[in-house]
Amino acid sequence: MATRGQKQSDEQRLTELHDKLSQSKRVLVLTGAGVSAESGIPTFRGSTAGSWRGFTISELACPEAFQRSPSQVWELYHYRREKSLAAKPNLAHVAIAKFEQFCLKRGIDFMLATQNIDRLHQRAGSSRVIELHRSLFLVRCTACDSVTENYDSPICEALRGRGDPSPQADSTPIPEDQLPRCAGCSGLLRPYVVWFGEPLNEGELSSVQEFANMSDFVLVVGTSNAVYPAAMIAPDARRSGAQLAEFNLDASCSSSNDVSYFVAGPCGSTLPKALPRL
Ligand SMILES: NC(=O)c1ccc[n+]([C@@H]2O[C@H](COP(=O)([O-])OP(=O)(O)OC[C@H]3O[C@@H](n4cnc5c(N)ncnc54)[C@H](O)[C@@H]3O)[C@@H](O)[C@H]2O)c1
Ligand SMILES: *[C@@H]1O[C@H](CO)[C@@H](O)[C@H](O)[C@H]1NC(C)=O
Ligand SMILES: [Zn+2]
């Protein structure tokens, strides 16, 4: 329990951060699954973590799992696509989108980089989003390699009603010819997210790292900062002179003891107070 005095100084810290952000020259916002938790999308780690049929995420979010059972991996991604499509951006996404508008108007260099694949930042109005792990709404053909956007719901008839996360759910494999297929060559499609063991887009990653290193503030929001290489962005920027502000549920979630501002609480409540808007 926070005492009244402590609460007051938390508020003062928040005001101080708000003022410093409005006077900064360059700000990077780096988000993770926690920013979407209040939209009802489960995270992978922490108290808001979800689970799917008892698997850990790294067991299914990898090329080996897709090779072994494309049906099972498609069920999981179908479930996540439908969940994201049904979700709405929350106050945290909105605060970030409004902060971008503020920065644009004030001539502050702004960048948003997310580890999320749900596209909720874009739906909240953020205009330039670097999707480090790409998106649930991109597919790639395993035969001809063509990449397309896809918002179909469901993505194919055989997946309709499938994907239930409970361990008792029907897991009869769907025949491969009924899984999502390429419109051009009818090859098997895969979800085009970055899986464990796959590289991030090198150019994108280094542009974020470069921007981070030249920022005066890096805001780390709702991430356990456990997934590499994204986890290196903030510590590197710190070494290059940026101040870090971290937003997470409580101090036990802090990814570093080198943050200038740790803002505890659900980011849907804290970000609207910390981020300047027009
Ligand atoms: N929404 C999505 O797109 C989504 C969802 C789950 C996982 N992922 C993927 O999972 C990987 C996991 O890394 P990660 O660090 O992003 O997520 P993570 O699941 O490892 O960590 C989530 C963090 O958010 C915090 N959190 C939970 N609710 C919060 C709230 N309301 N306010 C502030 N913080 C809150 C948790 O304490 C935890 O530290 C990423 O690669 C990402 O692509 C994406
Ligand atoms: C960012 O800074 C870190 C530490 O100061 C450094 O190791 C890294 O090479 C820098 N990266 C870029 C792209 O500038
Ligand atoms: Zn194809």
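Contact here means heavy atoms within 4.5 Å. The model is predicted, so local features need pLDDT of at least 70 and side-chain atom pairs count only at pLDDT 80 or more, while totals for chains, interfaces and linings use all residues. Residues are numbered from 1 along each chain as its sequence is written, chains are lettered from A and ligands numbered from 1 in the order in which they are written, and side-chain values use heavy atoms, with hydrogens and water left out.

**Ser 84**

Ser 84 belongs to helix α4, residues 70–86; helices (H or I, at least four residues) and strands (E, at least two) are DSSP runs, numbered from the N terminus. Its relative accessibility is 2%, so Ser 84 is buried (buried is under 20% relative accessible area, exposed over 50%, partly exposed in between; 1.4 Å probe, protein chains only). Apart from neighbours within four places in sequence, Ser 84 touches Ile 41, Asp 118, Leu 120, Arg 123, Leu 136 and Phe 137.

**Nonpolar cores**

A nonpolar core is a set of buried Ala, Val, Leu, Ile, Met, Phe, Trp, Tyr and Cys residues joined through side-chain atoms within 4.5 Å. The largest one holds 27 residues, and Leu 17, Val 29, Phe 99, Leu 219, Phe 247 and Leu 271 have the most contacts inside it. At least two residues of this core come from each of several elements, including α1 (4–22), β1 (26–31), β7 (217–221) and α9 (267–274). Helix α5 gives the largest share, six residues. Beyond four places in sequence, Phe 99 is in contact with Leu 21, Val 27, Val 29, Phe 110, Leu 219, Leu 275 and Pro 276. A second, separate core has 26 residues, among them Trp 52, Leu 76, Ile 117 and Leu 179.

**Zinc site**

Cys 141, Cys 144, Cys 182 and Cys 185 coordinate the zinc ion (ligand 3) through their SG atoms at 2.3 to 2.4 Å. Donors are N, O and S atoms within 2.8 Å of the metal (3.2 Å for Na, K and Ca). The angles among the four donor atoms are 97 to 118°, and the site is tetrahedral (all angles between 85 and 135 degrees). Along the chain the donors follow the spacing C-x2-C-x37-C-x2-C. Cys 141 is buried at 0% relative accessibility, whereas Cys 144 is partly exposed at 39%.

**Ligand 2**

Gln 209, Glu 210, Asn 213, Asp 236, Arg 239 and Ser 240 surround ligand 2, with a heavy atom within 4 Å as the criterion. The table lists polar contacts, pairs of N or O atoms within 3.5 Å.

| Side chain | Distance from an N or O atom to an oxygen atom of ligand 2 |
|---|---|
| Asn 213 | 2.4 Å |
| Ser 240 | 2.9 Å |

Note on methods. Four donors count as tetrahedral if all angles lie between 85 and 135 degrees; four count as square planar and six as octahedral if opposite donors are over 155 degrees apart and all others between 65 and 115; anything else is irregular. A polar contact is a pair of N or O atoms within 3.5 Å; within protein, one must be able to donate a hydrogen and the other to accept it, and residues adjacent in sequence count only if both atoms are side-chain atoms.
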